[in-house]
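The points below concern a sheet, the helix beside it and selected aromatic side chains.

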Amino acid sequence: MSEQEVIEEYGREEETPGTFRSKFFILTIILLLLSAIGAYLWYTSTPQYSLNKIVEAYSEHNLVMFEKYVDIDGASKKFINDLSGVLMRQMKEDNSDGAKLAGVIGAGALQLFQPRLVDNLRITIERLIERYNTEVLKKDSDFPESVQSLLKSKDLQLVSIKQQGNIAYLNLTLLPEGALSPLKLQILMRDMGWHWQVAEIMNTNEIVSKLIRQKDEEAQKKNDAIRNKIKQYIEIYSAKAVVKDENRYTKKLYIAVNGKNKWNQPVSDVKYIARITVEGGSTSKYNLHSDVVNPGAIDGLWSVSLNEFIPADRNIIKAKSNELSVEVIPYSLKPLNKPALSFELK
């Protein structure tokens with residue numbers, strides 16, 4: 001039977017407007033569903049989605065999820081390596097012989113203990129995720145205060161994402177505990193197929209250095225306030241140093257100090273630091289002490305044995321008296337019937 005005969009026998013089925021609208025609606029729903037599925041699949045494979053899952057894993061104590069989106073071992077190794085570099089640079093910035101020796105010893109110690117530090121950082125991060133409790137950090141004395149402050153950060157905010165192939169660079173801000181202002185955090189993420197994973201913190205040096213500077217500034221403010229209070233009791237006006245032979249084999253450094261106890265009461269347990277700088281050379285520090293300083297003028301004289309095998313002492317022995325610059329600073333004392341005052345000297 002031909003098509004014409006079929007049409008003549010059964011008649012052509014007419015498509016009503018309602019039928020057309022139903023088909024169009026179904027087609028639209030299918031397209032929207034496919035678009036939504038495609039958008040979801042695309043979004044779940046973006047760095048931003050992985051970052052959100054990291055935050056979710058942290059808040060839900062889900063270590064398995066966190067490890068999926070963060071390479072804890074790799075990131076910990078890179079962080080400790082960068083941290084070691086920051087600490088070594090700090091030691092090198094101190095030109096004193098003691099600091100240089102500490103730097104040499106510190107370099108070896110950091111290399112020796114680096115694996116342990118990496119393991120401890122990994123374990124600490126895992127505890128933080130599982131317990132969501134920063135109290136675990138109080139038991140970990142291996143980390144400087146700046147690192148503990150960073151681990152206790154809050155208010156993580158995404159600023160920008162730059163993707164280059166299978167690598168993504170994320171700029172974020174966060175507020176470490178005790179920090180005066182948010183810090184910039186730059187992290188590198190790798191494309192793992194259907195998700196992204198944090199590989200490293202890229203600006204550890206900048207973050208830790210800034211935290212250390214902030215801590216130092218806070219400490220300096222406190223020290224300055226206490227130092228000014230100490231000056232209300234004891235003030236040193238001048239100091240001189242001279243080297244003399246004690247015997248054939250030993251030399252002594254004599255430090256003469258002129259100052260005043262400006263209070264009308266004796267001050268006890270006064271501690272000073274004497275900084276002796278050789279012209280064009282090194283600076284050495286010596287601790288001085290007075291059991292009691294009575295009211296009125298201070299004319300103190302202290303002696304320190306020198307060791308010619310210590311480079312800084314040898315420099316002082318070889319220098320002339322007019323080549324020695326002397327600064328004596330009282331940093332701790334106990335006023336009568338008042339709390340003791342003390343500040344940290346660097």
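1. A residue is called buried when its relative accessible area is under 20%. The model under discussion is predicted. W263 has a relative accessibility of 18%, so W263 counts as buried. Y233, at 9% relative accessibility, counts as buried too.

2. These residues also meet each other. There are 2 aromatic pairs in the count. One of them joins Y233 and W263 in an edge-to-face arrangement, with 5.1 Å from centre to centre and 85 degrees between the planes. Y233 belongs to the loop between α8 (204-231) and β5, while W263 belongs to the loop between β6 and β7 (267-278); the pair therefore ties together parts that lie 30 residues apart in sequence.

3. Turning to the sheet, 3 strands make up an open, antiparallel arrangement in the order β5-β6-β9. Its edges are β5 (234-245) and β9 (296-306), each of which pairs on one side only. From one strand to the next, the twist averages 15 degrees. Helix α9 (residues 311-318) packs on this sheet and touches β5, β6 and β9. The direction of α9 makes about 115 degrees with that of β9.

4. Strands of a sheet pair through backbone hydrogen bonds, either parallel or antiparallel. Here, strand β6 (residues 251-261) pairs with β9 in the antiparallel sense over 11 bridges.

Key. Residues numbered from 1 in each chain as written. Predicted model: local features only at pLDDT ≥ 70, side-chain atom pairs only at ≥ 80, totals over all residues. Heavy atoms only, no water. Pairing = 2+ DSSP bridges. Helix = DSSP H or I, 4+ residues; strand = E, 2+ residues; numbered from the N terminus. Axes fitted to C-alpha atoms, helices over the stretch in contact; angles between N-to-C directions. Contact = heavy atoms within 4.5 Å. Phe/Tyr/Trp six-rings, centres within 6.5 Å; stacked < 30°, edge-to-face > 60°. Buried < 20%, exposed > 50% of the residue type's maximum accessible area, 1.4 Å probe, protein only.
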